[in-house]
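Subject: Structure for your review

Hello,

Please find the structure below, with notes on what turned up in it. Comments are welcome.

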Amino acid sequence: MIENGGEDMARVSRKSIKEQKSLLAVEQYAFLTALYVRLSMEEQEGDLTEKIRNQRELLLEYIREKTEFQLVDIYCDNGCTGTNFDRPQWQRLMEDAKTGKVNCIIVKDLSRLGRNYIEAGNYLEKVFPFMGVRFIAISDGYDSENLKPEDTGLLLPLKNIINASYAKDLSKKISSARHVQRVRGEFTGSVVPFGYKKDHQRKGKFVVNEDEAAVVRQIFRLFGEGGSYSEIARELNRLRIPSPQGKLWRYQSIRGIIANEVYLGRMIQGKRCSREPDVVTVENTHDAIITEDLFEKAQSQREKISFHREKSERQKAVEEEKYLFQGMLKAANSGLTLCKTCYRKQAGQVLVKAYRSPKTFDKEGNPYKLVMIREEVLLSIVKKVLFQYISVLEDTRMVLSQEAIQESCQSKIRRMERDLQTLYKEVTRKKELLSDSYQDLADGILEPLDYKRIQKQYKEEVVCLEQKIRECEKRLTDYKQLVKLENPYIAVLMKFGKSQEITRELLSLLVLEIVVISSREIQIVFSFEDEFRSLCTVREDFLS
């Protein structure tokens with residue numbers, strides 16, 4: 001039995017030496033195992049589920065009869081390139097390895113780890129040994145626990161170089177194959193244009209989706225009659241017609257449809273490539289939804305309203321003027337970022353800078369109420385609030401400068417340092433007890449079940465204590481800075497108090513976000529709120 005948190009352990013009766021040695025062998029060779037599965041972007045053809053399942057089954061079969069492996073989790077990156085290690089599940093696996101949750105990683109082959117031979121080699125030769133992680137690549141016969149001389153010499157780097165070369169060669173082959181498909185008029189993208197659906201009889205071909213095609217014709221007709229992108233979007237939202245994404249229509253969606261030649265039965269692919277020859281145009285690859293005349297009429301209207309118009313005087317003024325709060329303002333009703341704008345007053349003599357919310361709609365398709373605020377109003381409110389903070393800082397400086405308060409501060413700092421030393425000693429003691437319990441197991445003094453229970457308990461207590469140490473160290477550092485008013489945010493505030501000038505740099509340092517509720521009401525989120533709250537707490541402790 002265990003009493004008092006496991007520190008006073010009652011001795012138990014001895015077991016047979018044979019039983020103790022058997023358990024000790026299991027403890028010594030048990031690996032907390034992670035299985036890592038990866039399917040690259042180039043392998044996305046065919047039955048993806050089957051490919052993932054095959055990798056999983058191979059790894060599970062490998063550990064099924066091996067008692068030294070204890071499966072912790074299976075990590076799967078589907079559609080992630082092997083040329084870098086910025087993969088979600090790989091990053092999660094590395095975090096688990098750092099915390100000790102995993103100490104063994106098994107993959108199908110070295111290419112699943114990665115095809116960048118420099119980074120892969122770094123993991124195999126430096127990262128995994130440093131972390132104490134065993135790494136196994138089944139198909140390549142690689143096991144870091146049982147390395148052969150040839151694996152540490154030329155063979156392993158050579159395999160990684162081959163993997164990296166294979167990735168580059170495969171990428172070129174995929175690009176060439178896609179170019180051939182485009183020349184044949186086959187669609188190589190992932191999202192079929194609105195108005196069509198995939199032809200399951202012919203690979204890479206479209207057939208018309210009649211319900212969506214009717215919407216496309218309506219968009220072209222309304223646009224050709226003089227309707228704007230936004231007006232058409234509002235009309236479709238009013239009729240509750242879902243957009244290509246299944247959400248509300250936006251003017252960008254309408255503009256994209258109007259400009260797309262796919263609705264003439266024409267396939268144009270490769271526009272995003274950096275080289276012009278990669279753009280491939282093939283006529284009559286599928287049925288057209290609109291006529292050539294209707295498309296040309298829409299393009300003429302499109303040029304009139306968007307491409308060849310001169311900038312207005314107001315637009316030029318907005319671009320030329322500097323706006324202090326650009327990118328920091330958010331509308332309270334829609335959550336969208338406010339845009340720069342301006343207008344003139346006093347017979348056009350005075351330019352007024354302002355910010356307004358963009359035109360957008362709620363879930364019901366109704367437009368949000370316009371939110372607009374002048375920059376001079378923002379400046380006035382922000383200055384007023386910052387001066388309030390500075391006033392509190394000045395009061396706090398006076399309080400903390402008193403000799404009695406300084407002595408009390410130093411006394412509290414010494415007390416916090418003693419508490420921290422106590423935590424350091426407690427962690428050391430727990431680790432020694434953990435080591436002693438292992439020796440008791442080896443000597444046959446401790447029962448196996450009691451050893452497991454004690455080991456788990458001590459490890460949990462060590463983790464808890466180390467967390468407390470980190471918190472105490474941060475608290476002590478923060479407290480020392482606060483009582484001396486050395487925090488960088490405080491320094492910036494005091495500097496502003498002397499100059500009283502609001503600059504873009506000052507706002508970038510002190511303001512995270514400003515939520516605009518109305519033309520005279522805002523909510524400011526400052527970057528120093530946590531530090532200031534702590535400072536006020538320190539101040540109140542000494543005043544109470």
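A331 stands opposite V516 in β16. β12 and β16 pair in the parallel sense over 3 bridges; two strands pair if DSSP finds at least two bridges between them. Strands (E, at least two residues) and helices (H or I, at least four) are DSSP runs, numbered from the N terminus.

This is a predicted model, in which local features need pLDDT of at least 70 and side-chain atom pairs count only at pLDDT 80 or more, while totals for chains, interfaces and linings use all residues. Residues are numbered from 1 along each chain as its sequence is written, and side-chain values use heavy atoms, leaving out hydrogens and water.

The open sheet has 3 strands in the order β12-β16-β17, with mixed pairing. β12 and β17 are at the edges with a single partner strand each, so one side of each lacks a neighbour in the sheet.

I514 is in contact (heavy atoms within 4.5 Å) with F325, M328, L329, K330, L378, V382, I522, Q523 and I524, leaving aside neighbours within four places in sequence.

Regards
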